[in-house]
Every structure is written in structure tokens, then in C-alpha cells.
Amino acid sequence: MSIDDEAQEPLEPRVGPVPEDDPEFRPYRHPAAGWGAARSVTRFLLGERALVDGPRAIMRMNHENGGFDCPGCAWPDDTKGLHLDICENGIKHVTWEMTRKRVDRDFFAAHAVTELAGWSDYDLENQGRLTEPMVYDAASDHYVPISWKDAFELVGATLRGLDSPNRAAYYTSGRLGNEATFLYQLMARELGTNNLPDCSNMCHEASGRALQASLGTGKGTVDLKDWESADALFILGVNAASNAPRMLTALAEADRRGARIVHVNPLVEAAATRTIVPHEFTDMALFRTTRTSTLNLQPRIGGDMALLRGMAKAALEKSASDPKALDVAFIDRHTTGFEEYRALCEATPWEELERQSGLSRDDILEAARVYGEADRSIVSWCLGLTQHEHGVDTVREIVNLLLLRGNLGREGAGPSPVRGHSNVQGNRTCGIDHRPTDAFLDRLADACGIDPPREHGLDTVRTIRAMREGTVKVFVGMGGNFALAAPDTAATYAALRSCDLTVQVSTKLNRSHVVHGRAALILPCLGRTEKDHQRRGVQSTSVEDSMSMVHLSVGMKRPASPHLLSEPAIVAGMARAALPDSETPWDWYVEDYDRIRDTMAEALEGFEDFNRRVRLPLGFRIKQPARELVFLTPSGRAEFSSAALPDIVPEPGTLALGTMRSHDQWNTTIYSGNDRYRGVKNLRTLVFMNRADMRERGIADMGPVDITSTAKDGSSRFLTGYTAIPYDIPRGCAAGYMPEMNVLCALGDYSTQSDQPIMKHLKVTVVPAAG
């Protein structure tokens, strides 16, 4: 049986809590954050019994002296020293990690893995923190205690017994700190493989490849100070109120200084209306709101590229009568490919731009007018643009638009991808890359005295295929919940179960512990809120935010269990066992993380003098050549892209469906069955639809429906008994929650440009539920 054949079997994971009340839907009409956030946080702290510890931790979070970094999103720390630069989801994330509940050996003795596999994912995580290493015992179908020494030896013996180092894959989530990340990739490469799949393969791979091709850098060029001085902000495919809530502060401040703010999203999200920023106490007391948008555009799913090209076409047309419409001097001095791009825009009819974007010509021209009148513009985006077949081309189109008016290399202007997890960008910077450059490997070899492999490794999708086919036999996951985060749930489950050994380094119980290989280990680690005691004292770890700032984080809580190890210590323990003849000083590194940072300073470009600079107030920013108008591209210039406009209009009878998070959720962690900003209570198995599309299909408001996705290869996947909710979304479009809807994304449905699963552009049919 092939992977795709097996993936056709219906699979409906129970992610959220079982609702205690009937589901409700009432459109949300209140400001983002404000008192709604305060009430939600209070209820959450009460539920977690953390009314004392929670606020105490919150007051330390994101402080430059002695505090710890939020383990949630990657939005930068406030540049003005704001001591309450926190958000609702950050508080929940921290409190969830600080829970008093424990998952110990007694818990595992009482519950067989087969039983736990029937629990919802909410119930699994809600049991609390893992306390000691556990190994799966097939005879009893239980996890049983194992010493750290024996756990490491099991990993080492299994890795040493492989006939090729490429039989193992080493996955990383965005929660892993830079020091552990560096040791992890060093271990994998010393073992002889570049099989380093990561969460970027599923989220911002398209951004990195597009920016690298256009500008010679895989990152955005702006920082928070640029956000504070931009005349126009364009926010595409981002639900900021949930995904990067601290962005609301920047949006509110932008509105007050008169900047224009354009949100582009098929759904008008709460962050695209108005807000009350909680730390602005006068506004809270007076219920005084601030706008967070001056224009909202709702393209069809996947229509962003057509909108951007239309804006560029408008600028080019205007330049015939207004020489200031383009920055001709910048284009001539710093770019290549402009004439080809001009010809492409001129040849693209307005009718086609309207059809593909789902917007009127007037809408496109209004966005172009905002852009043309602004001296300095930032374009920001998230997964709404990247998780598509044409994600790379769309991000390159953003760069095209910015280049036309010289919005690069100066204050208040440039591209600004919004990374979702706290250190996902740092993971890539510090070596988690299945396609490393020769330059990176050369520096690593010199700094660490190893001979790293040069052959490219496996990304996330190819790792799943290789596990299912038996060519990858060992899977090691550093954080995250791979079983639930990956596409094609049935295929991913089958892949993990085909492994000889799965190793999960985690803080809490999750689905990846009950969907495991023939042998399985759970290795519990410290959380970011906890003190990391090593031989030379309490250690700090560093992270890189989405705007390339690197800063230190120091835990302040007593560890949840005396048996927990830090992530660097766990990596070192596995490496010692797997590489008994290694000359890498693994134990010496773990004694003092400054030693790791000294080696990183030699191995990583931009990390020179790491230990001193990371201790500066707010840390340091990694140098961005493109910000200085130095382009490490083949031409030595910024390169216009002239990609063809894709046809993304759904076929008759089908819908384009995008997956997304609810507000009361962080990645695969579900805090409740509610989604306050979309007006939903007690429901996660839902699909948002345009009411006209519902009526056309005979679907009643809040009516039960069945959903079928059709993959590129023609195979189908199913979800049954979902609830259809009428919503303000363009015709031909639908949306629903991940990870439940990951079932619908076939393993073969990934972008040929970025290799990302196309979770924001699934081809589906929705019909009234059978029976």
C-alpha cells in the first residue's frame, strides 16, 4: 500500500476539549486586546491556579535584566524599555508551562498508551509537565521509567547500529534556544547527515527562498524602529491579534502618528479594526480605542500576488505622468531585471488582475495610492502568503513592489516577515538547515574540527515519506508536536509508527508520544521559565526574534522536577553516546554555555564577539547586508522577479480552503474550544464559509457538513460532521482550524517552489452532512 493510499482513510483527531455547552457563534464586534484579553487571562490564571506565580512570572518576562524571553511568538521586545510589553497569548503560554500538574511514573503506570491514544490532544497536554525520562515497553503497552544514562545509551546504540547516518532525521521546533540548536546540528553533522527538517519547512521556507533570490538574504531587513517610523504599513496574510499580539502596539502607535495601515486578508480579523493596548492604562480605564487599520482588503485565498502586481502596474502607469511615482535612481543603481518586469506588468490586463485577486480595480488602485503617497513603506506577511504553491513568487512580488520606490536600505522601509514561534529564525541561523551552504559548512568545519557532509538532507515532507518507506528508521524531535503539526495526519502517523526508534524531547505530554516507533523515548526538558543549573552556575540561553535581534533569556522558576535536563544537556548526552570517539567537548560545553557561544562566534557569520554583544541592553542585531544595499545575489544587485501570474480561481463547485489557528490556541496547543475574536464558543470542528456559497449548496447556518479535499494526484481525504458558520469571507473561499484540518492536506500537496505543504490553499468540496 502506498502512502497516499493509506492517507485516504478518514482520520479525525480530537484536538480540543470536549465542549461542556452547545456551540455558539456571534460575530465579534469589540476591539482587540483590552478588557476582553484581561478577562480571558484572569479566567486562565484561575483555571491553572496561578494567580500568584503567573503575575510574578509575567512581571519578569521580556525584561532585559534577569528576565526570560516569552516562549511564544517571535515579535521583538519593545525598544523603549517598556516593562509590560506582554500579551494575552504570551501569558497563557507561560502559565501553561508553569502548571502545577505533573505527568510522572504513576500516571504512566495507570494509563496504557492505547488508552492515551484515545484521549483528545487537549486532555493529553492538560495533564501537566513531564517529570522523568520514560521508555515504551511494548509487552505492557506502557511507558516505564528509564535512567538518563540508559536512555542516552539506547539512542546512541541505535544510531551507531544504522548502516547509514542518513537513516536518521533530527527535527526541530521553534522553541529551541540558539545554544541547543547549535549543538544539535553539530551532532547531526558529526554523525554524517544533513537530515535536519524543521518547522520552517512548514511555515516560512517560501519567505527565505524568495528573499534569498531577490536580495541575497533569507531574512527581512527591517527592525522595530523602522516600524515606528514608516509612513505606510501593509500587513498581508497575518492575524496579528492572535499570531503576534504585540504587533497591536506598533499598529496603534502608527495610527496615532498618522501612518496608513492596510490589512490584506480574506477574513477581516480583529487586529485589522481597533484595539485597546492593555499596558496603556488610561485607554483601558476610559475604554478608549485606537484604530489599527485605515484600509481592509479581502482578496480571494491565494489572490495576494495579483493584488501586488496590480499595485505595481498602477505605479508604472502613473510614472508616465509623475516622475516621482518610481525611484528611478534606486532602480538604475541597485537592481536588475526591471525592464522585463515592467513589460510583464504592462502585458497583464486589469481584468485578469481583478479576476485572480478577487478585488475590484478600484480596490487595487486605492492600495496603490496609499503606497504611492508614502515616502517609506513596510510590507509584512505571514503564512497566509507562504503556504501556497506560488508562495515564493508572491514574496518576490512583495520585493518587486518595494524596489519600485526604493523602499529598501533606509529607515522605515523594507520587507518584514512575521515569524510565528519564538526562535524559529534563530534555529535556521544557527544551522538547522537541510540545504546548508558550502560557506556555512566550511566555517563549521574550521571552528569545530569536523568534516560535515555536503549532500543535502531531507526536509519535513521528505522525512515523512522516508520514514513511511523505511529508509529513515530513527526520528528525533526537539520540541514541538510533530505528529499533529505535520500535513496528512494519517500518513504522518504511519510514518512515525514505521520507525525503529522515536525520541521526543518535550515539556508536556502530546500526540507525538502516543504515535511512536517500535521503540520510543520521552526525554523531559526544562522550560524557558525555569532555572538552568549547570556546573558553572545558572545558565542563560539566547534566541533570535523575527527582526534579527539576538538576546539572552534567563529562567526564574524552580524546575518542575529535579530529574529534568536542559536541552543542551540532552543533546550532549545523546551525542556522547552516539559518538563515543568524538573529540567535541560535549560535557565541557554544557558546564558553561558561554563556551558554546564562543564556538558559535567562530562558526556563525554575524555572531562575532557573541558573549559580549548578547549582554548589551536588548542584545544585538545580526548584520543584514541587504539593509546596507549590499546584495549577495549572482548579479550583486537586487533582482526583480518576472514570474507568471498563477491561475488560482477555484473550479466550479469547489472551494479554496485555508487552515488557521483559533485565538485560544498556540500552534498545536489548544487552551479551550473558544475563538473569541471570531465569535465562536465551544466549537473547533467548523468551517467558515461565505453565506452565498452555503445557500448555493443547501447548507443552513450552523448546519452539519462533510468536507472532502482533492489532492494533486486525484486522491481524496475527508472530514465529517463539521459545522458550517457563515462568515465575511470572499465567495469561493473557506477556512477552518489546524491541526484538525491537517488531515485534508495530502503529503504530495506541497509547493514545487518551497517544498512547503500548501495548507492555506486546499481544494475542497463542502456538502450537507450525510444522514
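Reader: Okay, and which residues touch the most other members of the largest nonpolar core?

Author: Tyr-170, Tyr-184, Leu-523, Met-574 and Phe-607 do, in a core of 61 residues. Helix 28 (residues 567–578) gives the most to this core, eight residues. Helices (H or I, at least four residues) and strands (E, at least two) are DSSP runs, numbered from the N terminus.

Reader: What does Met-574 touch?

Author: Leaving out neighbours within four places in sequence, Met-574 is in contact (heavy atoms within 4.5 Å) with Phe-152, Val-155, Met-187, Val-476, Met-478, Val-503 and Leu-523. There's also a second, separate core of 50 residues, with Leu-211, Val-262, Leu-307 and Val-395 among them. In soluble globular proteins, nonpolar side chains tend to be buried together.

Reader: Wait, where does the model come from, and how do the numbers work?

Author: This is a predicted model, where local features need pLDDT of at least 70 and side-chain atom pairs count only at pLDDT 80 or more, while totals for chains, interfaces and linings use all residues. Residues are numbered from 1 along each chain as its sequence is written, and side-chain values use heavy atoms, leaving out hydrogens and water.

Reader: Got it. How many helices and strands are there?

Author: The protein chain has 32 helices and 33 strands. Of its 771 residues, 65% count as buried.

Reader: Let's look at a strand. How many residues of strand 25 are buried?

Author: Six of the six residues in strand 25 (residues 655–660) are. Leu-655, Leu-657 and Thr-659 sit on one side, with Ala-656, Gly-658 and Met-660 on the other.

Reader: And which strands pair with strand 25?

Author: Two strands pair if DSSP finds at least two bridges between them. Strand 25 runs antiparallel to strand 33 (residues 762–768), with three bridges, and Leu-655 has Val-764 as its bridge partner there. Strand 25 runs parallel to strand 32 (residues 733–737), with five bridges, and there Thr-659 stands opposite Gly-736.

Reader: New topic: how many salt bridges are there?

Author: A search of the whole structure finds 51. A salt bridge is a side-chain nitrogen of Lys or Arg within 4 Å of a carboxyl oxygen of Asp or Glu. One of them joins Asp-755 and Arg-209 (3.3 Å, N to O). That pair links distant parts of the chain, 546 residues apart: Asp-755 is in the loop between strand 32 and strand 33, and Arg-209 is in helix 10 (residues 205–215).

Reader: Are Asp-755 and Arg-209 buried or exposed?

Author: Both are buried.

Reader: Last one: what does the side chain of Gln-356 make a polar contact with?

Author: The side chain of Asp-647, at 3.1 Å. A polar contact is a pair of N or O atoms within 3.5 Å; within protein, one must be able to donate a hydrogen and the other to accept it, and residues adjacent in sequence count only if both atoms are side-chain atoms. Gln-356 lies in helix 18 (residues 350–357) and counts as buried because its relative accessibility is 1%.

Terms used
Buried means under 20% relative accessible area, exposed over 50%, partly exposed in between (1.4 Å probe, protein chains only). A nonpolar core is a set of buried Ala, Val, Leu, Ile, Met, Phe, Trp, Tyr and Cys residues joined through side-chain atoms within 4.5 Å.
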